[in-house]
Amino acid sequence: MVIPLTLTCWLLGSAQEVERGEKGSGILLANPTYEGPQPFDVLHYKLDLTLPLVDNQLYGSSEITMRLKQATDSVWLNAVGLQLDSVKIGNTPVAVQVDSAAERITVLLPAPGNAGDTLVLRIAYSRIQNYPRYGRHGYYFFLDTLGIPANLGYTFSEPSDARNWMPCYDEPWEKATAEMHLTVPDGFLAASNGVLTGTTLNGDGTTTWHWLEQDKITTYLMCITASRFTVSSLPYITSSNDTIPIQYYVWPEDSAECAAYLPTARDMVAEYSRLFGEYPFRKYGMTAVVPFGPLGMEHQSITTLNRFFKTSRWVVSHELAHQWWGDLVTCGTWPDVWLNEGFATYSEALWMEHVGGFPALRSYMKDTLTQFQFASWQGAVYDPVGQGFNLFDRVVYSKGAWVLHMLRGILGDSLFFQSLGVYRAGFAEKSVITSEFQEVVDSVAGMNTDWFFNQWIFSPGWPRIATGWTWSADTLEYTVNQLPLGGWPVYRLPVTIRAYTPGTFTDFRVVDSMDVQTFRLPLTQMPDSVILDPDYWVLKQFVPPPLSVGEWGRTPLRFSLDQNYPNPFNPMTNIEFRIAKFGFVTLKVYDLLGQEVATLANEKMNPGSYNVTWNATESASGVYLYRLTAGNFTETKRMLLLK
Ligand SMILES: [Zn+2]
């Protein structure tokens, strides 16, 4: 899913070499797919649901087919806030133990079951109105009196709210096929997963919509979205000449805008199919509703979009990418959620790269997925909740995306996309945990990436780096100083040092792995400037060098002031500058009347590269000037604050 933010892609020449995984073809892993502790597999959910769409009631009868993996005298499901009217196995009523705190019901089997037995549970139920559950209800209903075009009912279940509208084994590692028969008032359209197999006019003022999801699905991705929708559709032709409809289910007021966006959505499907293997499901639908908490939710084959972001390229691309990463291949446990969100977020960048080339990728990584987010990246990518963070913390999304970008940087395009192909093939219609993804990478790339996953996924923080250099006697001495905060690792960073000399540049590939490390590099000409990681393949934050370290007296040759980034900006922007000689430095911001608005530096500084952030929360939109003064050096640049 995409959650709201407080603040708010070189060409892939090798992508043709991507191994195209087909669903179900497996790779051999020591531990294929996390299966959970339950003694059964759910095979199929069949739901008959009636949505009156005048209040938030929902009446259901469900048929859950499961196969026992081992002998047992009971099975269990998750259910909460549901009035269970009857529970049967086959046609035999059975006893049920309810554990409200665990949101679980245990179904006692009439006779002990054996491995291989197939059971069909039949449950008739309705929702308990206003059941208190910390504001999360699974099923949400809104009247048109709210200012929306029609009454609206939808489900939104991630991570564990499907149990509040259907009894189910509500764990991300469990997948089954599904069908939904959704009865709504005539004139309403009830959208769901899979393909529409028909509609029945019941003759009593209601219509039943029949949906069949033949591709395995986990419960948090199952969904209903119902209102007075119209449908726009455009065919996408797969590499094997199948036709997949790309669709919007939206209110008539939104239809023209969405229909006009369908060709772009289809291009996204084509591009992701090129990168990740063919689109995995039988349709791709998008509904657009409001009110809706997140910006989008990747229900399998039927994304729910927040109406305000219904044609937003980063939300649409993010949710679409989830169809591969999250839906076809699903995080096996919630601590592994970065396997959904980091992948979908990096896919945003891949779409930007497709549209704008490598500069667009670079800019997306640097500006969108780095700036302003360091503060919210205190935790490790893995298991945010276990560290006291929100499951959908930005660290999971943006740092997770950076992990994939860095992995691509280390492996190169060919091996990186080949890894994704093997990963898809091995885990299609299954669930996966982090170590299994790493196992795929290691086997495809032929290397051990423990160091990489340990520092980037399982450790908190990011590299805080100060740099300095000097040149003499045909040698460039470049020092990288890592300044980790408490508990953070000193990172191993394969990285490029680029030295610019008049008319050209020279790249040096090094591995930085110490708190202070000096690289002695052969360079026959004195450089104008030297930059660490010029193409942004490494997540890092440049910080001023510590004042006490004498070796920072090595002198970069020039004072310089860079253009701020991003620009335009709101409300924060970064300004990089370099100091050549120890001395008093000021960096101030002025409005167009010459009034000083902010002081970003006003102190004695050692030679080095610096990066400061201006938070313009207090300032009005407009053009501002920023001026660096150091000794005899002074330079002024303009920037644009757009609120
Ligand atoms: Zn997402």
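Two residues are in contact when their C-beta atoms, placed from the backbone, lie within 7 Å. The structure is a predicted model, in which local features need pLDDT of at least 70 and side-chain atom pairs count only at pLDDT 80 or more, while totals for chains, interfaces and linings use all residues. Residues are numbered from 1 along each chain as its sequence is written.

**View 1. Leu369 and the residues that it touches.** Not counting residues up to four places away in sequence, Leu369 touches Ala349, Tyr364, Ser398, Ala401 and Trp402. Leu369 has its place in the loop between helix 3 and helix 4; helices (H or I, at least four residues) and strands (E, at least two) are DSSP runs, numbered from the N terminus. A residue is buried if 20 or more other C-beta atoms lie within 10 Å of its own, exposed if 12 or fewer, and partly exposed in between, with C-beta atoms placed from the backbone. Leu369 is buried because 22 other C-beta atoms lie within 10 Å. From C-alpha to C-alpha, Leu369 and Thr218 are 29 Å apart in space, and they are 151 residues apart in sequence.

View 2. Axes are lines fitted to C-alpha atoms, for helices over the stretch in contact, and angles run from 0 to 180 degrees between N-to-C directions. Angles under 35 degrees count as roughly parallel, over 145 as roughly antiparallel, 65 to 115 as roughly perpendicular, and the rest as oblique. Helix 1 passes helix 2 in a right-handed crossing; a crossing is right-handed if the near helix is turned clockwise from the far one by less than a right angle, and left-handed if anticlockwise. Ala265, Met268, Val269 and Tyr272 of helix 1 make the contact with Val316, Ser317, Leu320 and Ala321 of helix 2. By class, this contact has 7 nonpolar, 1 polar and no charged residues. Ala, Val, Leu, Ile, Met, Phe, Trp, Tyr, Cys and Pro count as nonpolar, Asp, Glu, Lys and Arg as charged, and the others, Gly among them, as polar.

**View 3. Helix 2 and its surroundings.** Among the buried residues are Trp314, His318 and Glu319. The buried residues of helix 2 pack against helix 1, strand 18 (284-289), strand 19 (296-297), strand 20 (302-306) and helix 3. The axes of helix 2 and helix 3 come within 8 Å and cross at roughly 130°, which makes helix 2 oblique to helix 3. Helix 2 passes helix 3 in a right-handed crossing. Where the two meet, Arg313, Trp314, Ser317, His318, Ala321 and His322 of helix 2 face Asn340, Phe343, Ala344, Thr345, Ser347, Glu348 and Trp351 of helix 3. The residues of this contact divide into 5 nonpolar, 6 polar and 2 charged.

**View 4. The packing of helix 4 against helix 5.** Helix 4 (residues 394-411) and helix 5 (residues 413-427) pack at an angle of about 125°, and their axes are 6 Å apart. The two helices are therefore oblique to each other. Leu407, Arg408 and Leu411 of helix 4 form the contact with Asp413, Leu415, Phe416 and Ser419 of helix 5. This contact contains 4 nonpolar, 1 polar and 2 charged residues.

**View 5. The nonpolar cores.** A nonpolar core is a set of buried Ala, Val, Leu, Ile, Met, Phe, Trp, Tyr and Cys residues joined through C-beta atoms within 7 Å. The largest has 147 residues, and those with the most contacts inside it are Leu182, Ala190, Ala226, Val269, Ala349 and Val381. Helix 3 (residues 338-368) gives the most to this core, with 12 residues. A second, separate core of 19 residues includes Ile575, Ile579, Met605 and Ala616.

**View 6. Two residues with positive phi.** Leu53 is not a glycine, yet its phi is positive, about 60°. Leu53 lies in the loop between strand 1 (40-50) and strand 2 (59-68), and it counts as buried because it has 24 C-beta neighbours inside 10 Å. Asn130, also a residue other than glycine, has a positive phi near 55°. Asn130 is exposed, with 9 other C-beta atoms within 10 Å.
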